[in-house]
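Let's walk through this one together, a question at a time. Have a look at it first.

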Amino acid sequence: MAITVQIPTALRRHTAGVASVACAATNLGELFSALDEKFPELKPHLRDESGQVRRFLNIYVNEEDIRFLGGPSYAFQDGDEVLLVPSIAGGAQ
Amino acid sequence: MPNHDSHCHCHYELRCRECGRRWGNQPRSICEECFSPLEIIYDYDWIRYVLGEGAIDQRQASRERISRRPANMWRYAELLPLPEQFEPRLPVGFTPLFNAPNLATRLAGNGGAASAAANLYIKNDAVCLPTLSFKDRVVAVALAQAREFGYDTVACSSTGNLANAVAAHAARLGLKAWIFIPADLEPAKILGTQIFGATVVRINGSYDQVNRLCSQIADERHWGFVNVNLRPYYSEGSKTVGFEIAEQLGWRLPDNVVVPMAGGSLITKIKKAFDELTKLGLVDEKPVKFFGAQATGCSPISTAVKTGCTEIDPQKPATIARSLAIGNPADGHYAIKAIKQSGGWSEDVSDPEVVDSIRVLAETEGIFTETAGGVTVGCAGKLYRQDRILPEETTVLCITGNGLKTTDVLAGVYELEKPITPKLAEFESYLRHSVQPVPAGDEAVAVSA
C-alpha cells in the first residue's frame, strides 16, 4: 500500500525542497513516524512539545479534513493523497 | 516578481502569535517555525508621538487630529499597516453608528425596554462603501499592501462579500482579480463580483474546501491572496470597526459588543482596536464584554464557548447564513479566548430565526441586512433574554452586510397582491378586503370619501 504526502512550501526548507513524499503508513501515527525518520528537522514543526499535532496544522486526506474521517484512527487507503495545510485562510468575520 | 523586502523602516511588522518570532514585512501569514498565524505589531510610542503632535494634552490633541480628517477609515492610518506615502483611492468606512430604540424594545422585552432603548446601538456596515459590507475595510488595507509588494494580480476565497470587495477595489486600483467561490453562492453575490471584471472560479465544494484549495494555489502562484498570504495586513482593516465605534460613542468604549463570527477574526480585531485606543490613551480603560453570534447550522465557535472548550471541533456547514458558513474557523481559537476572557458569551440561532431577525431589524429600524445581520440580531435577543446583556448597558450590534445581496432567503416570505386598476373606488374596495389593518384616522377619511 502506498500513500502520498504533499509538503507545503512553508515547510520545504525542512525537507531539502522535497514537495511530495510516498510512504506506506497505515494511519496518522505511522505517517508522522515515517516523516520523522525521513526528515528529522520537520518533526517540531508538525507537533508540539507534547506530541500533539500543532493547532494550526490541518491535515486533509484527498478532499476531506481527517478529523471528519476519524482523525488518528483513520486507516489510510491505497492511493490516498495527504495534504498538510496551514490553518490560515478564511473569512474576516 | 513581488517585492518582498519592502518597507524596512515601518512602524509595524509581522510577529508570530505563538512563538513571537518577528518576520519584518512580507506577504506571509504563517510562522515557518511553529506553523502559527502571524499578526501585525506596532511601535505605539511612535504612534503616540505622531498623533499627539507633542502637545501637553496628548489625548485631546490626538482626538482632534483624528477628527479633523475626512470621515473614512483612513483617519486611523497610523494604526493600520499601510505603506509609506500611501494615498487612499477610495473613501471606505466610517459607517453610521446610531441608537436603535425600536429594536431594543423588541429584544429586551417589557421589563427593560425603556432602558435598553436608550442604550442599544447599531454599527451599520450594510452601507459600507463601495460594496456594502465590512469586507471593504479589510480589502482596502490588503490591496494597499498588494501594490506595495508588487503584485499585479490579487485573489481570494470568498463566501461572497469578500469577492465583491476584492473585485471592486481591484478594478479601482487597476489590478487583476481572481475570485474563488463555492459554486452554490447567492446569485447576487456572483453578479456583484463579475460586474467589476474579475475572473470568478466556481468550486464544487464547501467554503472550507475552497479555502484549502486557495492555500495550495497561493503556494504555487505569485498572487496576492488577501486572506492567505496577505491575511495579517488584511485582517487589521477590521480594527477600524472598533475605532469608529469608540469615536462615535464620544471616545468611550461600550459595555458589550455583539459580533457575527465566521472565521472568528472580526471579534478579535475589534478587541485589538479597543486595546490599542486604551493603550494610546484615546479612551478610558474599561471592561468590554465580547459576544459572538453564529448560525446554529455552522456554530463551531459558539459550540466551543458553550461547552467550555478552548479548541475548535470543525463542522460541516448547513445554514442559509452562507457568509458565516466556515466550519473550520482559522481564528476560532483566538475568538474563544477573547470571548471568555472578557466575560462574554456566544450564541447561535436557527435559520428560521435568522429570517425572522432580518425582518425585525428592517421593521423596527429601517435596516435591511443580510443573513449575518439576522444572526447578530437573533443572538442579541437571546442574550438579552438570558440576562447576559442588561438593558442599562451600552451595547453595540455589528451589522456587517446588506440584505440586497441575500434576497433569496426571503423567497416566499412576502406575496405580491393582485394589482388593482387606478380608480379610487377600486382602492376603497381594496381597503375593505385588505388583510392589513387600516389606521383608525385614515379609516374615517376613507369611509366618508
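Predicted model: local features only at pLDDT ≥ 70, side-chain atom pairs only at ≥ 80, totals over all residues.

Q: What do the buried residues of helix 11 of chain B pack against?
A: Buried means that 20 or more other C-beta atoms, placed from the backbone, lie within 10 Å of a residue's own; exposed means 12 or fewer, and partly exposed is in between. In helix 11 (residues 300-307) of chain B, the buried ones are B:Pro300, B:Ile301, B:Ser302, B:Ala304 and B:Val305. Their packing partners in chain B are strand 11 (289-295), helix 12 (332-342) and strand 12 (345-349).

Q: Which strands stand at the edges of the open sheet of chain B, and why is one side of each left without a neighbour?
A: The 4 strands of this sheet pair in parallel, in the order 8-7-6-9; two strands pair if DSSP finds at least two bridges between them. Each edge strand has a single partner strand, so one side has no neighbour in the sheet. The edges are strand 8 (199-203) and strand 9 (224-225) of chain B.

Q: What is the bridge partner of B:Trp178 in strand 8 of chain B?
A: Strand 7 (residues 176-182) of chain B runs parallel to strand 8 of chain B, and 5 bridges join them. For B:Trp178, the partner in strand 8 of chain B is B:Thr199.

Q: Which strand of chain A gives the most to the side that touches chain B?
A: In all, 22 residues of chain A are in contact with 42 residues of chain B, contact meaning C-beta atoms, placed from the backbone, within 7 Å. Strand 3 (57-61) and strand 5 (81-86) of chain A each supply at least two residues of that side. The most, 3 residues, come from strand 3 of chain A.

Q: Is B:Tyr49 buried or partly exposed?
A: B:Tyr49 sits in helix 1 (residues 44-52) of chain B. With 13 other C-beta atoms within 10 Å, B:Tyr49 is partly exposed.

Note on methods
Residues numbered from 1 in each chain as written. Chains lettered and ligands numbered in written order. Contact = placed C-beta atoms within 7 Å.
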